[in-house]
Amino acid sequence: MRWSFALLLIAIASAVAVGASTSKLWEQVPVKDHARINPFANQPEAISAGSLVYREHCQQCHKANAEGDGHKRPSLRSQRIHMANDGDIEWFLRQGDVRHGMPSWSSLPEAQRWQLVAYLRSIQ
Amino acid sequence: MEVPILRSKSLLKSIWLGSWLSFCFAILLSTARAQDKPYFVTYSHDLEEPGNLEIETKTALGQPDGGNRYGATAMELEYGTRAWWTTELYLDGQATGSDSTIFTGWRLENRLRPLIRDHVVNPVFYVEYENTSGADKTILEFVGHDSQSDLAPPNATLRRDHQHEAELKLILSSNLHDWNVSENFITEKNLGHAPWEFGYALGAARPLRSAGSARECTFCADKFIAGIEAYGGLGDTFALTIRDTSHYIAPLIGWQLPKGVRLSFSPGFGLTDSSLARVYRVGAAYEFNQIGNWFHASNGGGE
């Protein structure tokens, strides 16, 4: 009984921690970036172009199915991505997470970053 | 006189053959895609993606006044150690017409990005150690009073001079809309003797089209990046002046081919008497993705 209670506590703590880190990441997004609208949202052509951008630059780490490796390369079909809006994701692509191995993609043209966002949305 | 020429030709053939075999091998092994600005001298704040290895050759073709035509190649092995740290090894060689083909030395460089976030201006620190001979003609940077006359003497004379040099660069780079604008401030010191030398490199480049194509294509405008570079020397601590220094302006174009190969070309035009009248640069790059995974195939699976 004591073990079950301990496991339940750990599970709750983990869920809270994941939720907190997710919301913490998107809380860092500046208001003006959060408010940006994807000019390519839901456009089939842009989604196709975004899939090519994904294949070119993202697939090597996040894998063809976008589910990552379960370790350092996280899944992109996740609650974290689902919770974010397009502006948040574009901001994150531009900034990267250099400390944890995700490069900044500010070198990609802005239109291609939005196409990538459209693609990531389409696979959620 | 015939013997050195024949030797030069056979060595040149070996270099070409070796380079092409490396590239063919690379293409067969992977479908990775390199992506970078097509600068030859200027650095932007783009670092190699962690775990990737890029192999690039940068060749400079020129002819100094009073000297023979030459082709000098730097083979660059660039590895993304961390997302904020890229390390590179250069192997340099050159072939001079009616002279010889020689290996001219190596360089080891590191680029470190101190700021985690992307800013309007992004600094990168560059630290390099060079162990080259005076016959190195790859001219990957111009500092101090570097002049075309340094390139004119025969290889046998030039290679007697050994250069152990440390080079520091402050790279400042911005991505503004689809433009990349980069400024490099260079300082170099021969560790044996000689003063600190200074130089600069400036570059601006952008893709011909911003949006990506919805289908795979080779000749789409978004596969091409065009730009311009300017670079030159700024004197040294003995004579901090731009008198007798070399300066160049060089338009450039990069082309992202299928199968991960990137080609770039840049004709450079000398702006002063100390500069080569023209220097043509050709680059070819290939990127191997996640080479660490080759040794840990079971970890996370393939692509």
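User: How many residues has the largest nonpolar core?

Analyst: This is a predicted model, in which local features need pLDDT of at least 70, side-chain atom pairs count only at pLDDT 80 or more, and totals for chains, interfaces and linings use all residues. Residues are numbered from 1 along each chain as its sequence is written, and chains are lettered from A and ligands numbered from 1 in the order in which they are written. A nonpolar core is a set of buried Ala, Val, Leu, Ile, Met, Phe, Trp, Tyr and Cys residues joined through C-beta atoms within 7 Å, where buried means that 20 or more other C-beta atoms, placed from the backbone, lie within 10 Å of the residue's own. Tyr39(B) and Tyr231(B) are among those with the most contacts inside the largest core, and its residue count is 30.

User: Which residues does Tyr231(B) touch, not counting residues up to four places away in sequence?

Analyst: Contact requires C-beta atoms, placed from the backbone, within 7 Å. By that rule, the partners of Tyr231(B) are Val41(B), Thr42(B), Phe142(B), Tyr200(B), Ala201(B) and Tyr248(B).

User: Which helix gives the most to the side of chain A that touches chain B?

Analyst: Between the chains, 30 residues of chain A are in contact with 28 residues of chain B. Helices here are DSSP runs (H or I, at least four residues), numbered from the N terminus. Helices H3, H4, H6 and H7 of chain A each supply at least two residues of that side. The one that gives the most, with 7 residues, is H3(A).

Key
A residue is buried if 20 or more other C-beta atoms lie within 10 Å of its own, exposed if 12 or fewer, and partly exposed in between; C-beta atoms are placed from the backbone. Two residues are in contact if their C-beta atoms, placed from the backbone, lie within 7 Å.
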